[in-house]
Amino acid sequence: MLLSADWERLIPDWEKRFPNPEFLGAWQEHRKIFGYTLRSELVYQLKLAFTEGKLKLKDPPKYLLVDEYQDLNACDLAVIKEIAEAGAELFTAGDDDQSIYGFRFADPEGIRRFPKDYKPSDSLELAECKRCDCNILNLALYVARQDPRRIEKKIHAVDGAGPGEVRILHFENQDEEARAVAEICQWLRSEQNVRPDNILFLLRSDYNGQFSKPIRRALEAKGFRVATIINPLDPLNCPKGDDGREQKDGRILLSLLRLRVDEKDHLAWRTLLQLRPNGIGEKAYFALYELARQKGVGFADALMLVRDDPCLIDRFGKKLSEEVAAVQKILADIPNEEALPPLEVVRRLGEQQIAEKQVRDRVVGVFEKAAAGDPPDNMSELLRIINIAPDEQNQLEPDAINVMSMHQAKGLTADVTFVIAAEEEYLPGRASGADIDDERRLLYVSLTRARHFLFITHCRRRTGAQRHSGSRSGQEERNLTPFLRGGPVQSESGSAFTRGLK
C-alpha cells in the first residue's frame, strides 16, 4: 500500500525515502524470483519512461479521449500531460462531484484546474439530469454544494421528470429498520409495481455482513430474493463460504489455466502448491524459494530442478516432485485451443476440478461474463481480459433486490434506492481533512442512483455486531450524518411512515 501510494502521488525518490528498507529489499528480491510487476506500478513506470527519455512518442495519437477524468491521480494526470504535449488533442469528460476514489489518491483538483493546465480549451457543460426526479436531484445537490471548492453547475431534471419521493427515516435500532424497509419494499412491489431488480440497497460498509444480514433476513421473509453484489472477480479470489472456510477452487482453476498457457508461470505454481490438498507447507515453500535465490533462477525453474532431482531439498523434494507430476498430468489432459474454444475448455476443466455445482457455476460465470459479446479466440486473450477486468464493474442481478457498497453503485441506476445507515459515524466516520470531502461526494453519488424513490435510513442506536462499527465503536448511540442536516428533507419516524403505507 505504501509503495502504491508513492507511485500514485508521484512522490520523488520514493526508494530513498521509503521508511522500511528491509521490506523494500525483500520485495525487490521477491519480484525477481516470481517475475511480476504490480498493477499499481504500471502507470508509474510509463511516467518514468517519459521522464527519463526512454520512451518518446514519435507518432502520438491525433486524439486522446479520457473518461471519468475526476478519478485520476497525480501519476495518471502526468502521463496524460506527456501525451498531450507530444501533440495529441485532448478530450475529457468528468464531474468533480463524483470523485470518490480518494483511497486511490484520485484528485478532483485535476478536473477543476483543467482550464489552467490546458490552454486554450473549451468547456461544454451538460445541464440536464436524465436520471433523477426533481426532489431527489435537489437533495443530492444540497449535499454536493457543501463543498465551496467544487465547480458550480446549473443542473436541473429533464423536462417531464416527476417530483420524485424522498424520505429520511429514523428508527430506534437496526431490527426496526430492517423490518420497515422490507415492508416498504413489499408496498413498492404490490402498490407501485416496482420489480425487485429495480430496488437497490447501498451500504457505506458491511464487514462480515453486519448491515446486510438483518436486511436480507427481513426481505427474504417477505418472499424477496436478495443478491449481495461483490467484486465480480471474487470467485477467483478465495472468498469465504457460508461455513467460514475459504473457497479455493476458483483460484486453483485460474492457476491451472495460466500454466496451460505458460508452464513457467512462477506465481501460478506457487498458488497451486499452496492451495491444492498436497500436504506441502510453508517450510517447503521457503526451502524452494531459498533454492531459487541461491541458483539465481525463478521459482518455477527451481521447482523443475527439484522435480528432476528431489535430493536438492532433502526433506521436501519427494513431495514437491510428486505434486509437480500431478499438476502436469492435469495440464496434459486439458484440451488444446485447436480442439475446443477457450470458454469450453474452462467449462470442462471446471467440471473436472470443482465438485460443488454452485461454486463451479460462480467460477465459470466469471469467465463467461468476461468474454460476453466478443468471445476471445484463444486462452491467452481470455486470461488477459480477466487480468485487466476492473473490480468495480458490477451489474444488477435480475429478479432480485440488490445490496452493494456505495462505491460499487457508481454508474448504476434503479427506480428505488435505499441508502442505509446514513449516520455521522459512517459518513464521514473517521475521515478528516480533505477525506471528509471524499465522503460527502460518495453520499452525493449514492443519492443520485435513484430515479423515482429515495429512502435514507438512520438509527438512534445500533446494537450487537453493529455496535462495534463506525467511528464510535462500542457505543450504541448514532446520529444522522451532518451532510443531510438542515437540508430540504427532514428526518421523520420510519415506523410511522411504514404504518401509513398500510
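In which sense, parallel or antiparallel, do strand E5 (residues 165-171) and strand E10 (residues 450-459) pair, and over how many bridges?

Tutor: E5 and E10 pair in the parallel sense, over seven bridges. Before going further, please note that this is a predicted model, in which local features need pLDDT of at least 70 and side-chain atom pairs count only at pLDDT 80 or more, while totals for chains, interfaces and linings use all residues. Residues are numbered from 1 along each chain as its sequence is written, and side-chain values use heavy atoms, with hydrogens and water left out.

Strands count as paired if DSSP finds at least two bridges between them. Strands themselves (E, at least two residues) and helices (H or I, at least four) are DSSP runs, numbered from the N terminus. In general, the strands of a sheet pair through backbone hydrogen bonds, either parallel or antiparallel.

E5 and E10 belong to an open sheet of seven strands, arranged in the order E7-E8-E6-E9-E10-E5-E11 with parallel pairing. At the edges stand strand E7 (226-228) and strand E11 (491-493); each has a single partner strand, so one side of each is left without a neighbour in the sheet. From one strand to the next, the twist averages 25 degrees.

Ser446 is located in helix H19 (residues 434-447). With a relative accessible area of 0%, Ser446 is buried, where buried means under 20% relative accessible area, exposed over 50%, and partly exposed in between (1.4 Å probe, protein chains only). Leaving out residues up to four places away in sequence, Ser446 touches Leu202, Met406, Thr417 and Val419; contact means heavy atoms within 4.5 Å. Leu200, for its part, is located in strand E6 (residues 199-203). Leu200 also counts as buried, at 0% relative accessibility. Beyond its neighbours within four places in sequence, Leu200 has contacts that include Met404, Ala409, Val416, Thr417 and Arg449.

Another part of the protein lies well away from Leu200 along one such comparison: the C-alpha atoms of Leu200 and Tyr289 are 48 Å apart, although 89 residues separate the two along the chain. The nonpolar cores also deserve attention. A nonpolar core is a set of buried Ala, Val, Leu, Ile, Met, Phe, Trp, Tyr and Cys residues joined through side-chain atoms within 4.5 Å. The largest has 56 residues, and Leu257, Trp269, Leu288 and Phe367 have the most contacts inside it. Apart from this core lies another, of 41 residues, among them Ile136, Leu139, Ala409 and Phe483.

Phe367 belongs to helix H17 (residues 357-370), which packs against helix H18 (residues 379-388) at an angle of about 95 degrees, with the axes 9 Å apart. H17 and H18 are therefore roughly perpendicular to each other; angles under 35 degrees count as roughly parallel, over 145 as roughly antiparallel, 65 to 115 as roughly perpendicular, and the rest as oblique. Their contact is made by Val366, Phe367 and Ala370 of H17 with Leu382, Leu383, Ile385 and Ile386 of H18. Trp269 belongs to H12, where Trp269, Leu272 and Leu273 meet residues of H15 including Leu320 and Val324.

Finally, consider the whole. The protein has 20 helices and 11 strands, and buried residues make up 47% of its 502 residues. Among contacts between residues at least 6 apart in sequence, 75% join residues at least 24 apart.

Technical notes. Axes fitted to C-alpha atoms, helices over the stretch in contact; angles between N-to-C directions.
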